[in-house]
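Here are some notes for a colleague opening this entry for the first time. They are set out as numbered points, to be read beside the sequence and the structure.

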Amino acid sequence: MGKFLKIAATGAVMLGLMCGTAAYAQEIVVGLITKTEGNPFFVKMREGAQAKADELGIELRTFAGKFDGDNDSQIAAIENLIASGAKGFAIVPSDSSAIVPTIQQARDAGLLVIVLDTPLDPIDAADATFATDNRQAGRLIGEWAKGTLGDAAATAKIAMLDLAVNQPTVDYLRDQGFMEGFGIDVKDANKYGDEDDARICGHEMTGGAEDGGRTAMETLLQKCPDINVVYTINEPSAAGAYEALKAIGKDDGSVLIVSVDGGCPGVANVKDGVIGATSQQYPLLMASMAMEAIKKFAETGEKPAVTAGLNFFDTGAALITDKPVDGVESIDTAKGAELCWG
Amino acid sequence: MSDDAAGSATADKGLANATHGVASFDEERPGLVRRLQAFLHTYPTAIPFIVLVVGVAIFSVAAGSKFFAPFNLSLVLQQVTIIGVLGIAQTLIILTAGIDLSVGAIMILSSIVMGRLSVTAGVPVEISFVLGIGTGILCGFINGILVALVKLPPFIVTLGTWSIYGAMIIFISNSETIRSQDISAIAPMLQWMGARVALGGGAILTAGSMVMILIAATVWYVLNRTAFGRHIYATGDDPEAARLAGINTTWTLVGVYTLAGFICALASWVLIGRVGAVSPLGSQTANLDSITAVVIGGTSLFGGRGSIVGTLLGALIVGMFRNGLALAGVDVLWQEFAVGALIIIAVTTDQWIRKISA
């Protein structure tokens, strides 16, 4: 058994070395590191990067963590890329501060590091950040919910279904953006849970998935049976919250659910009235732009620029709803379905 | 050891006072503790039951009428149903002194097979369902073969298959979620477990919860009233002695892992009923949560001792703590803290009870 394993392992390594040197000797090597393979957002990102890399004639190596928050796998991936002589890579950090020292190592080794989707902490630890303006994405759904309720917004009861206890950047940016859009005093704009507005029923964590969304919604409904606005971190958790509402017969449109992401199932849920409005983001664009930027850097040494007024490049967010509100720009679900991912 | 130390300390004390005989003093005090130890050894579900009752009492005061209401208590039952079903599977495995880290992955994989085949591929829902259940059985069987025939440690086997089944989840699902609305239009049978029955007073019982109780009752019967069940306990308690007594421990183990796989597949049906959608995300901690339920329920990680009722109580305790603390307005991180403390207390108690047989 042991002997067989050894021979097999040696064989596999040799085969890998042969393929590696023969096929890709002259190409520019770039990397893409995402959080997990299970999330369609990152799968779409990988597909977008692969298509662009093929078009540009560069060699793409992709990596992903085992679960959301898996920092160790991402460190190993960066080390692999440095060792393999990559010119640069794009990464969606699982832990926006713990990964910083490793990213610094890569930059010291001359690689261009582009962060996608989730900014680093501090954001300038990367050469560039291509991301959705998550605060703006939150503001859009907040403004829409406020506009839809009209005068009733002053007496609304709001459930906040967030991502995780440690409040990763994307989590607090969307949450606080929503509150700003709705007209709630957010106190510390980079932290949720410190607000004293009586309209907020409470914050519960969903883990960004359906089962967590349902349990979180049930808990908040127990606290405040009169909830009529539900903010959700993403569309899977929104779908879970809707199941909780359905179970008590509140799926009649009396409760507004808003979300962020713009995945295809999410857009379909907006069309079916499960979700009132969602802010759509564009992972494919982030990934393909990163591939172009790294190639350009490899050839000319030029680094990408940022959007005016922000410290990152905003890849945009669009509000998707079939019930538009005056003063809040939006697109309908037909258009959203064309642009959706996953 | 600590018993001996305490015993000699009391003995010394007794000699110093010298009014009573050493022997009689010795008998009285450790006797009480011993009797409690013996009682808990005979009735291992007593502790989780007491914790549950005390917990309900405390939260009824701390969180008020919102907690102690028929609807809310039935909600806790709904929320723990999935972990409860997985916990039953996990109990079977832990009774054989094993562990199964892949229960959550088997559940998700079965649900993905059911959902993908029926909604995406257009296979009739009955066939998709059977294939989904079959997937769970197969996964459990593979675990069993690797543990019993190839004789690898269960922790390592299921650590490996957890990854493998996880990869299959991504491969088969293509990382796509199947929406609740699509399932109810094309394959409503998959959502049957979400059906609800009003019990009166606001309490709601879901089909999923009833299935959980049904599975628990069946497994309880198998464990306590059939030869196979007694073989499971015997194999877990002392595999060598069981083998010498004529029990085929190898196929008992294969049977246990396969049965656990089947129960995980049933859990996937319950999961779709509750969540509505079929999603490759989510239930990331289900495997560990199921172990938590088993441990808090008083089943020994060393095998051979424990019960299905204890596991259901364990799952309810965790659900009750999360619900009660949330309603009392306690931050989420303290809910995690409380669950962690419960695990430590449960295992410590188990270690202490185990000494009686030593």
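**Notes on the predicted model**

1. A helix inside chain B. Helix α13 (residues 286–296) of chain B is largely enclosed by the rest of the structure, because ten of its eleven residues are buried. The buried residues of α13(B) are B:Ala286, B:Asn287, B:Asp289, B:Ser290, B:Ile291, B:Thr292, B:Ala293, B:Val294, B:Val295 and B:Ile296. Their cover includes α3 (46–62), α4 (70–95), α5 (103–120), α7 (154–173), α14 (308–327) and α15 (332–354) of chain B. After α13(B) comes B:Gly298, which has a positive phi, near 90°.

2. Confidence. This is a predicted model, and the predictor gives the complex an ipTM of 0.74 and a pTM of 0.79. Chain B has a mean pLDDT of 88, with 91% of its residues at 70 or more.

3. Domains of chain B. The assignment divides chain B into domain 1 (1–42) and domain 2 (44–357). Taken over C-alpha atoms, the centres of domain 1 of chain B and domain 2 of chain B are separated by 41 Å. Contact between them involves four residues of domain 1 of chain B and six residues of domain 2 of chain B. On the side of domain 1 of chain B that touches domain 2 of chain B, two residues are nonpolar, two are polar and none is charged.

4. An unreviewed UniProt entry carries the annotation "transmembrane region" for several spans of chain B, including 38–62 and 195–223. In the model, residues 38–62 of chain B are 88% helix and 0% strand, and the end C-alpha atoms of that span lie 34 Å apart. Residues 195–223 of chain B are 59% helix and 31% strand, with end C-alpha atoms 29 Å apart.

5. Where the chains meet. How many residues of chain A are in contact with chain B? There are 31, and they are in contact with 27 residues of chain B. On the chain A side, the elements giving two or more residues are α2 (40–56), β7 (200–205), α7 (210–223), α8 (235–247) and α9 (264–271) of chain A. The largest share, nine residues, comes from α7(A). By class, the side of chain A that touches chain B has eleven nonpolar, eleven polar and nine charged residues.

6. Domains of chain A. Both domains of chain A are assigned in two segments: domain 1 as 2–132 + 283–304 and domain 2 as 134–281 + 317–339. The C-alpha centres of domain 1 of chain A and domain 2 of chain A are 32 Å apart. Eight residues of domain 1 of chain A are in contact with eight residues of domain 2 of chain A. The side of domain 1 of chain A that touches domain 2 of chain A has four nonpolar residues, three polar and one charged. Separately, an unreviewed UniProt entry annotates residues 30–302 of chain A as "domain: Periplasmic binding protein". That span of chain A is 45% helix and 18% strand, and its end C-alpha atoms are 16 Å apart.

7. A buried strand in chain A. Five of the five residues of strand β10 (residues 277–281) of chain A are buried, so β10(A) is largely enclosed by the rest of the structure. A:Ala277, A:Ser279 and A:Gln281 point one way from the strand, while A:Thr278 and A:Gln280 point the other way. Strand β9 (residues 256–261) of chain A runs parallel to β10(A) and is joined to it by four bridges. A:Asp261 stands opposite A:Gln280.

8. A:Pro40, in helix α2 of chain A, is buried, with 26 other C-beta atoms within 10 Å. Its C-alpha atom is separated by 8.0 Å from that of A:Gly263, 223 residues apart along the chain. The loop between β4 (112–116) and β5 (128–131) of chain A holds A:Pro122, which a cis peptide bond joins to A:Asp121, with omega about 5°. A:Asp117 lies in the loop between β4 and β5 of chain A and has a positive phi, near 70°. Is A:Asp117 buried or exposed? A:Asp117 counts as buried, because it has 25 C-beta neighbours inside 10 Å. A:Gln167, in the loop between β6 (158–162) and α6 (169–182) of chain A, has a positive phi near 50°. With 18 C-beta neighbours inside 10 Å, A:Gln167 counts as partly exposed.

Key: Residues numbered from 1 in each chain as written. Chains lettered and ligands numbered in written order. Predicted model: local features only at pLDDT ≥ 70, side-chain atom pairs only at ≥ 80, totals over all residues. Contact = placed C-beta atoms within 7 Å. Nonpolar A, V, L, I, M, F, W, Y, C, P; charged D, E, K, R; others polar. pLDDT = per-residue confidence, 0-100. UniProt positions renumbered as here; feature names shortened; annotations may be inferred. Domains from an automatic or database assignment. Buried ≥ 20, exposed ≤ 12 C-beta atoms within 10 Å, placed from the backbone. Pairing = 2+ DSSP bridges.
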